[in-house]
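Please look over the sequence and the structure before reading on.

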Amino acid sequence: MCGIIGYCGPRPATPILMEGLKRLEYRGYDSAGLAVLTGDGGLAVEKRPGKIVELEAALNGRVPNGACGIAHTRWATHGVPNLVNAHPHLSAAGDIAVVHNGIIESAVRQRPLLCEMGCRFRSETDTEVLVHLIDLAFRECELLEDAVASALAKIEGTYGIAVVSTRDPGKIVVARNGSPVLLGIGRNDEYFVASDAAAVVGHTQKVVRLRDGDSAVLGPDGYRTFDVARRAVTRGAQIVSWNTEAIGKGGYEHYMYKEIREQPSSLRDVMRGRLLEEEGTSRLGGIKMADRELEAVDRIVITACGTSWHAGLIGGRMIEETARIPVTVEYASEFRYRNPVLGPGTLVMGISQSGETADTLAALREARRRGCTIMGIVNAVGSTIAAETDFGVYLHAGPEIGVASTKAFSSQVVALALFTLHLARRRNMAILEGRQLVRALRKLPEQVEEVLKVDDRVRELARMYKDAPNFLYLGRGYQFPVALEGALKLKEVSYIHAEGYPAAEMKHGPIALIDRNMPVVVLAPRDGVYAKTLSNIEEVRARQGRVIAIVNDLGPEVTGRVDDVIVVPSTIPALMPVVTTVPLQLLAYHIAVMRGCDVDQPRNLAKSVTVE
């Protein structure tokens with residue numbers, strides 16, 4: 001969840017590190033710092049709590065004279081965000097600097113033992129345990145990489161780390177276990193380390209992704225990678241398909257708004273080359289299972305977190321209704337702790353935008369241990385989930401920088417529809433039904449473009465409701481997960497309390513909250529439960545709740561019965577969530593902006609949750 005950037009090469013390190021930190025700020029922004037090995041054999045360190053502009057101000061134009069350094073932007077796990085807890089963390093003599101993403105789970109029991117050995121702790125962080133262990137190990141080693149390896153052997157937990165030291169200058173030692181780390185291979189003998197490719201694409205698009213247990217040493221003479229047994233290995237380089245333009249704001253004020261408006265394009269990208277209208281099916285190159293094995297699947301478990309879990313709820317309903325396979329949708333954070341019933345006939349699907357979500361990855365590993373086939377739906381090419389699953393589907397949605405996921409959600413729903421189509425056509429779906437779904441999918445990007453035209457209307461609603469202390473979102477069938485997602489978006493970026501509920505469940509508790517001050521967003525497309533949803537609207541009106549309806553047909557039964565309405569295009573029920581979610585994304589965005597909230601970097605949140 002934190003951001004790591006490191007550089008070793010012929011150029012001054014500080015400007016490169018600061019640029020990388022700015023591109024990683026969406027991963028963590030409680031504090032930031034850097035450590036640079038200087039030309040006179042010293043270690044220049046600067047760090048500050050708050051956003052990266054605070055660190056920039058502290059440097060005040062000073063550029064430590066050095067061509068090798070590491071930097072970090074933090075999302076707090078152990079210890080409040082302050083100067084002392086900010087990374088890098090230093091050894092007692094100030095000659096070793098460490099930046100760390102992850103959690104050292106053994107830190108609580110190791111800390112008092114290290115104190116007994118004379119180590120003095122300055123911070124509340126778990127990372128400082130690792131610093132002391134490296135410092136102690138260095139007394140028996142000449143090489144920094146040996147000291148780091150010795151220290152890592154003594155800890156339990158997850159980590160992505162980068163280490164420099166004046167005792168063995170000119171190099172960066174990195175290692176990963178559960179937290180992503182990649183190497184950037186530049187030209188002119190320069191090398192980078194980062195937790196995310198966004199930090200390095202301005203300098204190189206050639207990256208080497210480390211696997212769990214891997215370590216690496218970067219220096220002026222190149223880089224070397226090692227596996228968990230410290231044997232030299234070669235990890236293949238990959239080319240990142242996007243550039244710095246893709247991670248810019250493109251003239252928009254916020255990434256979130258840009259990414260909402262990119263959805264027609266991202267939907268086209270997820271479907272490009274995958275729809276076969278004549279055959280009424282989809283072609284998914286990432287699915288390498290033999291047809292016989294895929295047909296042998298008798299149960300599917302979808303596991304994910306947050307927004308991806310909401311997409312999974314929609315996908316699960318699609319699969320059950322269309323392919324007639326039973327589906328369970330699980331929170332990844334609970335799945336591996338409850339001893340689920342799994343077996344060889346079960347396909348376990350993990351959904352994650354980053355492909356690095358710690359809970360989802362752990363759930364998939366547990367499913368593999370129990371003999372299941374595992375599948376991934378991810379956006380990040382080369383991510384850990386993509387590497388460890390048996391097969392999967394890439395979203396190709398491009399980088400998503402805004403912490404609140406928008407275009408990834410709609411792309412996930414479409415990817416699940418593509419998989420459902422592929423599966424159902426091999427089982428029970430008639431070709432005409434398959435063609436109908438293909439045609440509906442093809443029309444989606446244009447329909448989302450139509451939805452985006454209601455932006456001004458949504459902005460008006462945002463102005464009317466921005467001061468409401470609570471919101472309720474209601475939906476039925478395919479629209480219930482949309483209600484959950486709409487409420488989550490509002491909570492994430494505006495800090496307004498909101499709840500998503502199945503509309504019929506409202507009378508079993510939440511109806512007690514409804515009064516004239518409660519805005520209630522009702523998702524009411526004309527579908528198989530439309531009449532029931534209208535009844536739920538009447539129940540809200542009877543208690544003086546203020547109804548905002550999202551509809552695809554402005555019939556007389558809606559006009560006059562709701563306070564405000566937004567009309568969206570019609571599609572088949574399974575794809576309607578893609579259309580109805582967009583106004584809710586816009587509503588959350590505009591309310592947050594009007595309330596003065598930091599839309600792209602909401603408090604307490606990070607884009608990629610790589611710790612448990």
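Predicted model: local features only at pLDDT ≥ 70, side-chain atom pairs only at ≥ 80, totals over all residues.

Helix α13 covers residues 407–425 and helix α14 residues 431–452; their axes come within 11 Å and cross at roughly 165 degrees. Axes here are lines fitted to C-alpha atoms, for helices over the stretch in contact, and angles run from 0 to 180 degrees between N-to-C directions. Helices (H or I, at least four residues) and strands (E, at least two) are DSSP runs, numbered from the N terminus.

**Basis of the model**

- Residues are numbered from 1 along each chain as its sequence is written, and side-chain values use heavy atoms, with hydrogens and water left out.
- Local features need pLDDT of at least 70 and side-chain atom pairs count only at pLDDT 80 or more, while totals for chains, interfaces and linings use all residues.

**Helix pair α13 and α14**

- The crossing of α13 and α14 is left-handed, meaning that the near helix is turned anticlockwise from the far one by less than a right angle (clockwise would be right-handed).
- On the α13 side, the contact (heavy atoms within 4.5 Å) is made by Val414, Ala417, Leu418, Leu421 and Arg425.
- On the α14 side, the contact is made by Ile431, Gly434, Leu437, Val438, Leu441 and Leu444.
- The contact of α13 with α14 has nine nonpolar, one polar and one charged residues; Ala, Val, Leu, Ile, Met, Phe, Trp, Tyr, Cys and Pro count as nonpolar, Asp, Glu, Lys and Arg as charged, and the others, Gly among them, as polar.

**Helix pair α9 and α16**

- The axes of helix α9 (residues 306–323) and α16 come within 9 Å and cross at roughly 165 degrees.
- The two helices are therefore roughly antiparallel, α9 to α16.
- In a left-handed crossing, α9 passes α16.
- Gly306, Thr307, Trp309, His310, Leu313 and Ile314 of α9 meet Pro481, Leu484, Glu485, Leu488 and Lys489 of α16.
- By class, the residues of this contact divide into six nonpolar, three polar and two charged.
- Arginine 324 lies in the loop between α9 and β19 (327–331), and has a positive phi of about 60 degrees although it is not a glycine.

**The unit around α16**

- Strands β23 (residues 470–475) and β24 (residues 497–502) pair in the parallel sense over six bridges; two strands pair if DSSP finds at least two bridges between them.
- Phenylalanine 471 has alanine 498 in β24 as its bridge partner.

- Eight strands form an open sheet with antiparallel pairing, in the order β3-β2-β4-β1-β10-β9-β11-β15.
- The edge strands, β3 (43–49) and β15 (237–239), each pair on one side only.
- On average, neighbouring strands of this sheet are turned by 20 degrees against each other, direction ignored.
- Strands β9 (residues 182–185) and β10 (residues 191–194) pair in the antiparallel sense over four bridges, and leucine 183 has valine 193 in β10 as its bridge partner.
- Helix α1 packs on the sheet and touches β1 (3–8), β2 (31–37), β4 (68–74) and β10; its direction makes about 155 degrees with that of β1.
- Helix α2 lies across β2, β3 and β4 and runs at about 135 degrees to β3.
- The axes of α1 (residues 13–24) and α2 (residues 52–59) come within 10 Å and cross at roughly 160 degrees.
- Thr14, Met18, Leu21 and Lys22 of α1 make the contact with Ile52, Leu55, Glu56 and Leu59 of α2.

**Seven-stranded sheet**

- An open sheet of seven strands, with antiparallel pairing, has the order β5-β6-β7-β8-β12-β13-β14.
- Its edge strands are β5 (89–90) and β14 (232–233), each pairing on one side only.
- Helix α4 (residues 127–138) packs on the sheet and touches β5, β6 (96–101) and β7 (159–165).
- Helix α5 (residues 144–152) also packs on the sheet, touching β7, β8 (172–177), β12 and β13.
- Proline 88 lies in the loop between β4 and β5, and a cis peptide bond joins histidine 87 to proline 88, with omega about 0 degrees.

Technical notes: Parallel < 35°, antiparallel > 145°, perpendicular 65-115°, else oblique.
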